[in-house]
Structure formats: structure tokens, C-alpha cells
Amino acid sequence: MEIPIRVRISNRHVHLTKEVYEKLFDKEIEIKNDLSQTGEFAAFNTLTIKNSEKEIPNVRIVGPFRPYNQIEISKRDARILGLNPPVRRSGDLKDSLEITLKTEKATVKVKGLILANRHIHMNEIDALKLGVRDKDMLQVIINNERSGILDAEVKVTPKGVLEFHIDTDEANAFLLEDYDEVTLKI
Ligand SMILES: [Zn+2]
């Protein structure tokens, strides 16, 4: 079975615990816009991520708060920072790296720097219909001037919206734009 699926491109971003947020900011977190995955939002708040003298400013915080800190960057960002973080599924922070978070108020060092694995969001009804399970690996077919087939992990959550999530480096490599349609092979 082959079905069309929408591509969403994730730029570098940060998920924080409430504790770390409160160390870094005096004001409450402010919603800039809701994201397509239900309940997730981009905040107005941004911070700088830093490894010794190398830094990337204006990295957006994605809410709501989580029980762990997780900083998702691209391989290109990792090169700028001089770091080599592992590819991880969201929430799996095994061997993730330490990174410094900096705002006008404070500087905090946290563990949780990763390259996010590409994934396919869906809810339980989608998963039943498609006959797939959480953590299954599926193929995504890209048909353009830089065509190719990518493996992607299924991520089933109660409020998941069927979408294919990749980072900016992956999107650029395959000439993909946000909201492009590709083919999911099952
Ligand atoms: Zn994220």
C-alpha cells in the first residue's frame, strides 16, 4: 500500500523542564503559535545554545514543558558547535551530549543534545488502519530531482497527526519544502 503523506520540517529547537525554564526566564512562557501535533506550541522565548566559544543564537523553545530537557539540532548545527550528538528518538536521551543554554538572565548546562531521528507521527486509529505499530520502520519515497527512499520510525501518540518529520539538513538534501507531499510505503 502507498499513501501520500505531508512533510514537516523541524528547525533546531529546545524542549525544557519547568525547572530549567524558570532558571532561564523571569516571565511565563508565551505561545507564539500552535504546532500541527496537537498540544505542542512554538514559544516566543528563544535562547542561545553554546559549546565553549561556539554558539547558535535565537533557538526556539517548543512547549509545553517536559519531564526532560531535549535540544534537537541538525548535523550542520552540530558542526558549528564542534559536537557530535547521537541520532535519537524523542525522549531517548541515552548518550546525548551536554550543552550550555544561555539567556540574558542565566546560563545553564544541561544534557540532552541530539539529532532527532526522522519519524512518522500518527494516532492509534491511523496505526490500526495502516496495520503498523509504534517504532515500526517504514519507507518514505521521494519523487523529485533528488529522489530517494528514506527509512522512518513510526511514532504513535494519542493525539498524533499523520505527518513525516525531518530536520532542515534532510529536507535540503532531498529538495523538500515544508508541506510537500511524499509517499509512505506500507
Ligand atoms: Zn522536538
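Predicted model: local features only at pLDDT ≥ 70, side-chain atom pairs only at ≥ 80, totals over all residues.

Student: Which domains is the chain divided into?

Tutor: Domain 1 covers 2-7 + 118-185, and domain 2 covers 11-116.

Student: What separates their centres?

Tutor: 23 Å lie between the centres of domain 1 and domain 2, taken over C-alpha atoms.

Student: How many residues are in contact across the two?

Tutor: Nine from domain 1 and ten from domain 2. On the domain 1 side, strand S13 (163-167) and helix H4 (168-173) each give two or more residues.

Student: What classes of residue are on that side?

Tutor: The domain 1 side that touches domain 2 has five charged, three polar and one nonpolar.

Student: OK, cores. Which residues touch the most other members in the largest nonpolar core?

Tutor: That core has 18 residues. Val 14, Leu 47, Ile 49, Ile 71, Ile 99 and Leu 101 touch the most other members.

Student: Which elements give two or more residues to it?

Tutor: Helix H1 (18-24), plus strands S4 (41-51), S5 (54-63), S8 (97-102) and S9 (107-116). S9 gives the largest share, five residues.

Student: Why would nonpolar side chains be grouped like that?

Tutor: In soluble globular proteins, they tend to be buried together.

Student: Back to Leu 47. What is it in contact with, leaving aside neighbours within four places in sequence?

Tutor: Val 14, Leu 24, Val 59, Ile 61, Leu 101, Lys 102 and Thr 103.

Student: Switching to strands. How many bridges join S4 to S5?

Tutor: Seven, and the two strands run antiparallel. Lys 50 stands opposite Glu 55 in S5.

Student: What about the turn in that hairpin?

Tutor: Two residues sit between the strands, and Ser 52 takes a positive phi near 45°.

Student: How is S3 joined to S4?

Tutor: By three bridges, antiparallel, with S3 spanning residues 31-34. Asn 33 has Ala 42 in S4 as its bridge partner. The S3 and S4 hairpin has six residues between the strands. Gly 39 in that turn has a positive phi of about 95°.

Student: Last one: how does S4 run relative to S8, parallel or antiparallel?

Tutor: Antiparallel, with three bridges. Ile 49 has Leu 101 in S8 as its bridge partner. Ile 49 and Leu 101 also came up among the residues that touch the most other members of the largest nonpolar core.

Technical notes: Residues numbered from 1 in each chain as written. Core = buried A, V, L, I, M, F, W, Y, C linked by C-beta atoms within 7 Å. Buried ≥ 20, exposed ≤ 12 C-beta atoms within 10 Å, placed from the backbone. Helix = DSSP H or I, 4+ residues; strand = E, 2+ residues; numbered from the N terminus. Contact = placed C-beta atoms within 7 Å. Pairing = 2+ DSSP bridges. Domains from an automatic or database assignment. Nonpolar A, V, L, I, M, F, W, Y, C, P; charged D, E, K, R; others polar.
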